[in-house]
Amino acid sequence: MHDHHGAYNLALVMLSLGIAAIASFTALDLAGRVRASQGVMRHLWLVGGAFAMGIGIWSMHFIGMLAMEMGEGVAYGIPLTVASLVAAILSSALALGIVQTGRLSFVRLAFGALVMGSGVCLMHYVGMAAMQTQGPLSYQPSLFTVSVVIAISASAVALWLAFKLNPTATRRPPLWQRLVAALFMGAGISGMHYTGMAAAIYPEGGMLASSSGLSTYELAITVALVSTCIMLSALLISLFDVHMSSRNAQLAASLQEANLELKQMVYRDALTQLPNRLMLEERLDQQLSAQPSSFALFFVDLDRFKQVNDNLGHHVGDQLIQQTGARLRAAVRDTDTVARVGGDEFIVLAGDSAARAEAESLAKRLVSTLDKPFQIGTSVVKVSTSVGISLYPEDGQDKHELMVHADAAMYAAKRLGRNNYQFFDPDMTSHEERRVTLERRLRHAIEHAALRLAYQPKVSVETGQVTGVEALLRWEDDELGAVRPDEIIPLAEETGLILPIGEWVLRTACRYAQAWREETGQPLAMAVNISAVQLNHRHFVATVKEVLETTGLAPASLELELTESALVLNPDLALETLTELRALGIALSIDDFGTGYSNLAQLRRFPIDRLKIDRAFMSHAVTDRQDAAIVRAVVALARSLDLQVVAEGVENEDQLSLIRQLHSDEYQGYLCSQALSGEALKAFMQEYAKRSP
């Protein structure tokens with residue numbers, strides 16, 4: 001026996017190294033696909049990858065043997081050749097099986113390298129045995145051992161690289177890293193092969209010349225074409241799968257982003273980005289399920305928000321809502337939830353246990369923060385807020401009870417003058433039921449002309465003569481009986497009914513005054529109360545002009561009475577509107593002066609003719625020093641601004657004597673007469689004229 005080693009064909013050696021590198025690159029890529037796949041696809045990649053890798057390693061082996069020029073033809077036995085291919089495929093399957101899941105511990109790496117290296121050696125030496133020689137091959141023990149060590153070491157490096165370059169199922173390493181790793185792995189596989197070739201000792205007589213095997217050239221063509229096609233096919237499929245996986249990942253990311261946006265739309269208010277009712281109810285359910293000892297729910301509603309929308313436009317209303325949400329968020333704690341649940345309605349959910357005192361402190365803060373004017377563009381908008389509070393567990397055991405009772409408390413705050421807060425009381429539910437009934441019956445009254453006017457005379461303090469009348473709204477309902485104006489007006493403002501009611505009052509009063517003039521030949525000065533909603537309505541001046549033209553009443557016979565709150569809601573718009581009305585010759589007065597938010601600086605801006613002292617001050621002005629001081633201050637203020645003064649609610653001679661001493665101009669009240677119907681007023685005026693000196 002002899003070594004029988006010839007020279008190596010450099011081109012074929014380089015080809016074998018290339019095949020080894022391609023096989024290594026394929027192995028690393030497929031290892032990543034196996035780790036990235038799930039279920040059936042993982043098994044398919046494992047089987048297909050093992051076949052492609054095995055073909056590559058096996059091809060490198062036989063091309064490497066072809067590179068050795070033995071000087072004679074070499075043939076191979078088909079059974080052992082197939083067996084070597086099976087060994088290569090099984091070794092590849094083992095490698096992919098090791099890298100498909102889990103972490104690569106030292107024990108796992110050592111065991112995998114040993115088994116995979118043994119498989120590679122088996123493939124190589126079975127392939128060597130497939131060579132048809134004159135006798136059996138033998139091997140030099142030292143080189144044989146070295147080849148086995150190289151095979152195991154190369155397998156360990158291959159497994160380590162497969163994990164290192166594919167640490168997760170989703171992260172794909174850069175191409176240059178995979179190319180460098182493939183070259184190192186290819187060198188290791190080639191090193192094992194050529195060391196094993198060097199260890200072979202061939203028998204005397206060399207190779208058998210047999211036609212039953214495959215010739216060297218036939219084998220070379222077959223191996224080169226088949227292995228290259230299979231490995232390239234595997235790589236192309238892998239690249240396509242990566243592309244599809246990447247596209248699916250992008251689609252999944254887009255879907256996740258869309259889901260987040262949808263969730264944002266479902267759970268967030270579009271205008272303020274605050275939680276909406278759905279998210280609030282979920283958080284309220286979570287808080288209730290935690291069984292806290294106590295917490296508070298606040299129902300916050302802007303007062304007269306509809307006026308802002310109607311008079312300044314919805315774009316201003318939207319900005320007001322946004323600024324309101326921001327102020328509320330700044331006023332609460334991080335653990336609290338501020339949600340927008342309606343047009344101008346917000347709910348604040350206290351995030352942890354809150355006693356009544358803590359809830360009251362937060363309610364004061366909410367009312368205070370919204371009481372400050374809002375700067376929206378060039379306009380200064382003044383609104384207030386009404387807050388209702390329900391406490392858990394005394395005011396409700398579930399979310400619906402708590403929300404309904406907080407809502408009822410909020411309406412109670414509105415009834416008590418707005419710009420305040422109220423805790424829920426069981427009696428409030430009956431008030432809310434009455435409010436619903438009131439709205440239903442008020443709409444019915446408007447449709448069926450069931451409203452009427454009464455007229456209260458105004459009297460000159462100096463002469464005692466009737467100088468005019470004030471038109472007052474009256475409503476006698478079949479179900480509810482007599483309904484007071486302080487119930488009608490707030491409800492009408494909240495529901496938007498104040499505009500048709502206000503126009504009806506103005507038209508009816510002007511028609512009556514003109515009819516009076518036509519019947520008696522004497523003018524009747526008619527004072528009509530105007531709501532803040534009407535004053536700030538963009539078509540209010542046009543409406544007044546149309547009513548005067550239609551009824552024929554002279555503008556000088558009309559006086560419009562406004563509250564202080566109507567002026568401070570939007571001072572700039574109010575000034576513009578009042579200036580136009582004053583230019584028409586219409587008199588203007590501030591009703592219930594001293595109960596609102598106006599000040600001297602504001603009063604000087606407006607073209608006001610007279611101030612009316614609220615009856616609340618006059619009722620105790622004779623007996624209460626503080627009320628008397630207020631009345632004196634109002635009269636002094638009016639005189640300093642060259643305004644006339646009208647005292648309301650004068651019911652006795654002592655009160656009349658006081659305002660006479662203060663040089664008030666006019667008064668009205670029961671001392672002269674209560675409010676009378678149109679017909680009753682005519683009779684009263686005739687009788688009063690007889691009594692007057």
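**Helices and their packing**

Mentor: The secondary structure of the protein comes to 24 helices and 18 strands, where helices (H or I, at least four residues) and strands (E, at least two) are DSSP runs numbered from the N terminus. This is a predicted model in which local features need pLDDT of at least 70 and side-chain atom pairs count only at pLDDT 80 or more, while totals for chains, interfaces and linings use all residues. Residues are numbered from 1 along each chain as its sequence is written, and side-chain values use heavy atoms, with hydrogens and water left out.

Trainee: What percentage of the residues in the protein are buried?
Mentor: Buried means under 20% relative accessible area, exposed means over 50%, and partly exposed is in between (1.4 Å probe, protein chains only). Of the 693 residues in the protein, the buried share is 52%.

Trainee: Is A151 buried or exposed?
Mentor: A151 lies in helix α5, residues 141–165. Its relative accessibility is 2%, so A151 counts as buried.

Trainee: Which residues is A151 in contact with, leaving aside its neighbours within four places in sequence?
Mentor: Contact means heavy atoms within 4.5 Å. With those neighbours left aside, the contacts of A151 are G117, C121 and M192.

Trainee: What separates the C-alpha atoms of A151 and G196?
Mentor: A151 and G196 are 45 residues apart along the chain. Their C-alpha atoms are separated by 9.8 Å.

Trainee: Which residues of helix α14 are buried?
Mentor: Helix α14 covers residues 485–495. What covers its buried residues includes α13 (428–447), β11 (466–477) and α15 (498–520). The buried residues themselves are E487, I488, L491, A492, E493 and T495.

Trainee: Which residue follows α14, with a positive phi?
Mentor: The phi in question is near 85°. The residue that follows α14 is G496.

Trainee: Are α13 and α14 roughly parallel or roughly perpendicular to each other?
Mentor: Axes are lines fitted to C-alpha atoms, for helices over the stretch in contact, and angles run from 0 to 180 degrees between N-to-C directions. Angles under 35 degrees count as roughly parallel, over 145 as roughly antiparallel, 65 to 115 as roughly perpendicular and the rest as oblique. The axes of α13 and α14 come within 11 Å and cross at roughly 80°. The two helices are therefore roughly perpendicular.

Trainee: How many charged residues are in the contact of α13 with α14?
Mentor: Ala, Val, Leu, Ile, Met, Phe, Trp, Tyr, Cys and Pro count as nonpolar, Asp, Glu, Lys and Arg as charged, and the others, Gly among them, as polar. The contact is made by R434, R435, L438, E439, L442 and R443 of α13 with E487, I488, L491, A492, E494 and T495 of α14. These divide into 5 nonpolar and 1 polar, and the number charged is 6.

Trainee: How far apart are the axes of α15 and α17?
Mentor: α15 and α17 pack at an angle of about 30°. They are therefore roughly parallel to each other. Their axes are apart by 9 Å.

Trainee: Which residues in α19 meet those of α17?
Mentor: α17 (residues 540–551) and α19 (residues 571–584) pack at an angle of about 20°, with their axes 10 Å apart. That makes α17 roughly parallel to α19. On the α17 side the residues are F540, V541, V544 and K545, and in α19 they meet T577, E580, L581 and L584.
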